[in-house]
Amino acid sequence: MSSTVHVLNGPNLNLLGTREPGIYGAATLADIEALCLEEGRRHGFDIVFRQTNSEGGLVDLIQAARGARGIVLNAAAYTHTSVALRDAVAAVGVPMIEVHLSNVFAREDFRHHSFLSPVARGVICGFGPQSYALAIAAFARLPAAP
């Protein structure tokens with residue numbers, strides 16, 4: 001059983017720290033990566049941390065996670081639009097936890113629908129960078145997939 005958790009990030013998350021800090025906070029993607037690495041160490045996981053602005057690139061990253069302990073996925077805007085990402089998650093057979101920095105249900109109506117939630121093990125949103133740490137900690141408490 002792999003001890004690797006892939007933390008995958010979608011479009012515009014490379015702009016964290018300067019992008020709408022009232023919504024997304026002041027933490028940068030590098031800050032979130034450091035948080036994930038520390039949480040991974042705490043639970044004995046190796047963390048692979050990636051970001052892409054490309055939908056196809058995100059599909060490639062999901063496919064590259066085959067055999068991993070889990071995927072923490074913040075697909076950002078693609079959450080609400082991408083059947084391709086939903087299908088990639090379903091195809092790889094790796095447990096996935098969907099995360100969002102903001103509470104998407106307290107925002108615009110179009111953000112209330114997720115193509116990913118039906119294939120996710122769980123959804124964590126609204127806790128800022130801690131959403132990621134909570135997802136990694138959840139994998140330590142969930143039974144590993146066969």
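Here are some friendly notes on this predicted model, point by point.

1. Ground rules. Residues are numbered from 1 along each chain as its sequence is written, and side-chain values use heavy atoms, with hydrogens and water left out. As the model is predicted, local features need pLDDT of at least 70 and side-chain atom pairs count only at pLDDT 80 or more, while totals for chains, interfaces and linings use all residues.

2. The largest core. A nonpolar core here is a set of buried Ala, Val, Leu, Ile, Met, Phe, Trp, Tyr and Cys residues joined through side-chain atoms within 4.5 Å. Buried means under 20% relative accessible area, exposed over 50%, and partly exposed in between (1.4 Å probe, protein chains only). The largest such core has 20 residues, and those touching the most other members are Val7, Cys36, Ile47, Val72 and Tyr132. At least two residues each come from strand 1 (4-9), helix 2 (29-43), strand 2 (46-51), strand 4 (96-100) and helix 5 (130-141). Helix 5 is the top contributor, giving four residues. Helices (H or I, at least four residues) and strands (E, at least two) are DSSP runs, numbered from the N terminus.

3. With neighbours within four places in sequence set aside, Val72 is in contact (heavy atoms within 4.5 Å) with Val5, His6, Val7, Leu8, Ile97, Val99, Tyr132, Ala135, Ile136 and Phe139. Apart from this core lies another, of 19 residues, which includes Leu61, Ala65, Tyr78 and Val92.

4. Helix 4. Which residues of helix 4 (residues 83-92) are buried? They are Leu85, Ala88, Val89 and Val92. Viewed down the helix axis, these buried residues fall within an arc of 95°, so they line one face of helix 4; the arc is taken from the directions from the axis to the C-beta atoms. They pack against helix 3 (55-64), strand 3 (70-74) and strand 4. At the start of helix 4, a side-chain oxygen of Ser82 comes to within 3.4 Å of the backbone nitrogen of Ala84. Gly93, with a positive phi near 70°, follows the helix.

5. Ser114. This residue sits in the loop between strand 4 and strand 5 (122-125), and Ser114 is buried at a relative accessible area of 12%. Its side chain reaches the backbone nitrogen of Leu116 at 2.9 Å, and a polar atom of that side chain also lies 2.9 Å from the backbone nitrogen of Ser117. Not counting residues up to four places away in sequence, Ser114 touches Thr79 and Glu98.

6. In the model, His100 belongs to strand 4 and is buried, at 5% relative accessibility. Beyond its neighbours within four places in sequence, His100 is in contact with residues including Asn74, Thr79, Ile124 and Ser131.

7. Salt bridges. The whole structure has four salt bridges, each a side-chain nitrogen of Lys or Arg within 4 Å of a carboxyl oxygen of Asp or Glu. Glu38 pairs with Arg41, closest N and O atoms 3.3 Å apart, and with Arg42 at 3.8 Å. Glu39 pairs with Arg42 at 2.3 Å. Through shared partners, Glu38, Glu39, Arg41 and Arg42 join into one network. Arg41 is exposed at 56% and Arg42 is exposed at 53%, whereas Glu38 is partly exposed at 35% and Glu39 is buried at 10%.

Definitions and conventions: Polar contact = N/O pair within 3.5 Å; in protein donor to acceptor, adjacent residues only side chain to side chain.
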